[in-house]
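Subject: Structure handover

Hello,

Here is the structure for your files. My notes come after it.

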Amino acid sequence: MAETRSTQTWQNWGRSVETHPVRIAHPASTAEVVTIVREAVAAGHPVKAVGASHSFTAIGATDGVLLRLDRMNAIVGTDVATRRVRVQAGISLHDLNPRLKAMGLALPNLGDVDPQSVAGAISTGTHGTGGRLFGISRAVVGVQIVTATGDVLEINEQHEWFGASRVTLGALGIVTEVTLQCVPAFLLHAREEPMALPEVMGRIDELVADNDHFEFYWFPHTERTSIKRNNRVPEGTERRPIGRFRHWLDDEFLSNTAFEGINRVVAKRRSWIPRVNAIAASTLSAREYVDDSFNVFVSPRTVRFRESEFAMPREALPHVLGELAAWFGAGHENVSFPIEVRFTAADDVWMSTGHERDNCYVAVHQYWRSDYTDYFAAAQDIFTAHEGRPHWGKIHTLDASYFAQRYARFGDFVAIRDELDPGRTFSNAYLDRVLG
Ligand SMILES: Cc1cc2nc3c(=O)[nH]c(=O)nc-3n(C[C@H](O)[C@H](O)[C@H](O)COP(=O)(O)OP(=O)(O)OC[C@H]3O[C@@H](n4cnc5c(N)ncnc54)[C@H](O)[C@@H]3O)c2cc1C
């Protein structure tokens, strides 16, 4: 198996976490993962796997043995009748989506980027938006996990631990294969347009209910938003993808190249931010297109940032946004990144932010060269006052005592962790904090 020994540095995408694993390995099969786990346990090293390292928290961090499953990227089985696809856990969503399309299939919902591995995405409860839809983990119908003893565990829908296996935070073992319940490939009609925040909030129930996927970005220090409505189209509808120039202008130049330039400047001239936000929001224009679902869900993101995102009961949204507006209004800090608001339906995944609750999600971002601590701390205070559950891969400072109150099955999940990993082979400081 290919591997590199010691003194290497691992960093996450947001450059908020850095470690020096004693060993970085790239196994190609479940059998190789078993060997590595057994060797690590014998040597007394912890083991963590990472995917695209897109988590902003230290959830995947280790100074022990780091597994990169980039060679475990195959589709290992397809059941056409049930539309179930079994993949090796390291496959990225970017590679998987077009391969599913070639089979006439798709994942029912996605987040807004696609570099994540399947295992990484499901381990933190990665989600997109859709008032009647769910996070990616809800599509998981089976998981293969290598445990601390080197045993290979198959957990399917009948297994008593199924509810714990779809969002594991990486705490139960190394996920080596995942079976996904897909849907027929579909096109989405995307409509993006500016809308004033009071109008969005006045129509929020209708906008969430009447669209398959509704989300909006609110520009802090303004009352402007950009809304996105993505809806499934009737069979036979033609693709009308965005033109190449418009794609370059909106998605690459304005959203990334120009936005990076603006952030570099305002990082040193923070008093300019309210005016810059107002100008940026006033240049928003409407656009419509029809494309493959995964092309509509996913956008390029080249401006590096840090993020905190919490799920809250839907009815909390007006209060949460009002409290954030009051915080900005009090002049604590000027923030250049738009605030992202999304929605999902209640699910049955024990450690999912969507567990048994219809949610709104509010995400705050900070340019990576700017300090996020005061802003995210203030946002966290607002979110936790509304029963917020933080995204496991996004920045927060909460611990097990908080999660025991927020997740009905928290104790059951921790008990399974105790049974599968009593020696804490798969733990790290983050997991010790959030799981106890
Ligand atoms: C630009 C950007 C955009 C994002 N957009 C969204 C979004 O729209 N919606 C959303 O919900 N989140 C979003 N995220 C967060 C991201 O989806 C999650 O943090 C996700 O977990 C990252 O996947 P990854 O493959 O990079 O996993 P990593 O960050 O590498 O790992 C995440 C966790 O999974 C564990 N893990 C990885 N592989 C395995 C394995 N094989 N077995 C066991 N455990 C494993 C790791 O140990 C770690 O605990 C975004 C992040 C970035 C940087």
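This is a predicted model: local features need pLDDT of at least 70, side-chain atom pairs count only at pLDDT 80 or more; totals for chains, interfaces and linings use all residues.

Residues are numbered from 1 along each chain as its sequence is written, and side-chain values use heavy atoms, with hydrogens and water left out.

Ligand site

The ligand is surrounded by 35 residues, a residue being near if one of its heavy atoms lies within 4 Å of the molecule. The closest are Ala 49, His 54, Ser 55, Gly 120 and Thr 124. By class, this shell holds 17 polar, 14 nonpolar and four charged residues. Here Ala, Val, Leu, Ile, Met, Phe, Trp, Tyr, Cys and Pro count as nonpolar, Asp, Glu, Lys and Arg as charged, and the others, Gly among them, as polar.

Strand S5 (47-50), helix H3 (118-123) and strand S12 (174-181) each give the shell at least two residues. H3 supplies the largest share, with four residues. Helices (H or I, at least four residues) and strands (E, at least two) are DSSP runs, numbered from the N terminus.

- Ala 52: a backbone N or O atom lies 3.0 Å from a ligand oxygen atom.
- Asp 112: a backbone N or O atom lies 2.9 Å from a ligand oxygen atom.
- Val 175: a backbone N or O atom lies 2.8 Å from a ligand nitrogen atom.

Taken alone, the ligand exposes 970 Å², and the protein buries 99% of that. Accessible areas come from the Shrake-Rupley method with a 1.4 Å probe; for residues, only the protein chains shown count as cover.

S10 (140-146) pairs with S11 over five antiparallel bridges, and Gln 144 stands opposite Glu 154 in S11.

Another open sheet, of eight strands, runs S17-S14-S16-S15-S19-S20-S18-S21 and is also antiparallel. Its edges are strand S17 (287-292) and strand S21 (389-390), each with a single partner strand, so one side of each is left without a neighbour in the sheet. S18 (305-313) and S20 (359-367) pair over nine antiparallel bridges. Phe 310 has Val 362 in S20 as its bridge partner.

Single residues

Ser 53 is not a glycine, yet has a positive phi of about 55 degrees. Ser 53 is in the loop between S5 and strand S6 (65-68), and its 10% relative accessibility counts as buried. Buried means under 20% relative accessible area, exposed over 50%, and partly exposed in between (1.4 Å probe, protein chains only).

Leu 169, also not a glycine, has a positive phi of about 60 degrees. Leu 169 is in the loop between helix H4 (162-165) and S12 and is buried at 2% relative accessibility.

Gly 202 belongs to helix H5 (197-202) and is exposed, with a relative accessible area of 66%.

Regards

Definitions and conventions: A polar contact is a pair of N or O atoms within 3.5 Å; within protein, one must be able to donate a hydrogen and the other to accept it, and residues adjacent in sequence count only if both atoms are side-chain atoms. Two strands pair if DSSP finds at least two bridges between them.
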